[in-house]
Amino acid sequence: MEVAAQRVACKNPLNGEVLCLQVRDRYFDEKGLKVGVPGEWRPLYETIDGYQHTPGVRNVVRLKKFQRPSAPAGSAATVYVLGLVGESETVQ
């Protein structure tokens, strides 16, 4: 997944108007080479455990995605955990 350099305003279904990470899907082959076309940008309402966003820095990250079978009220049903940061670029 690619994380954009800047957060975007979004209307989080759980918390109302907030700033969210903007992300898109990226694809790589078994050798780690980019393949295909990146997905469309979208807000990510959930947090990424272990990820510290730095404004102005774009990152390509590998994530682990888990579903909470019975998420408590007011919390996300999807949990993202940072696996590694594969690429970083400072964007002006």
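Reader: How many disulfides does the structure hold?
Author: This predicted model holds one disulfide.

Reader: What makes the pair C10 and C20 a disulfide?
Author: Look at the sulfur atoms: from S to S, C10 and C20 are 1.8 Å apart. A pair of cysteine sulfur atoms counts as a disulfide within 2.5 Å, so the 1.8 Å of C10 and C20 meets the cut-off. In general, such a link is a covalent bond between the sulfur atoms of two cysteines.

Reader: Which parts does the pair tie together?
Author: C10 sits in strand β2, residues 8-12, while C20 belongs to strand β3, residues 16-24. The pair therefore ties together parts that are ten residues apart in sequence.

Reader: Why is the disulfide called right-handed?
Author: Because the torsion about the S-S bond of C10 and C20 is about 55°.

Reader: How do you know whether C10 is buried or exposed?
Author: Compare its relative accessible area with the cut-off. C10 has 5%, and buried means under 20%, so C10 is buried.

Reader: How much of the protein do buried residues make up?
Author: Of the 92 residues in the protein, 28% are buried.

Reader: Which elements does the protein have, helices or strands?
Author: It has seven strands and zero helices. Starting at the N terminus, the elements follow the order β-β-β-β-β-β-β.

Methods:
Residues are numbered from 1 along each chain as its sequence is written. This is a predicted model: local features need pLDDT of at least 70, side-chain atom pairs count only at pLDDT 80 or more; totals for chains, interfaces and linings use all residues. Side-chain values use heavy atoms; hydrogens and water are left out. Helices (H or I, at least four residues) and strands (E, at least two) are DSSP runs, numbered from the N terminus. Buried means under 20% relative accessible area, exposed over 50%, partly exposed in between (1.4 Å probe, protein chains only).
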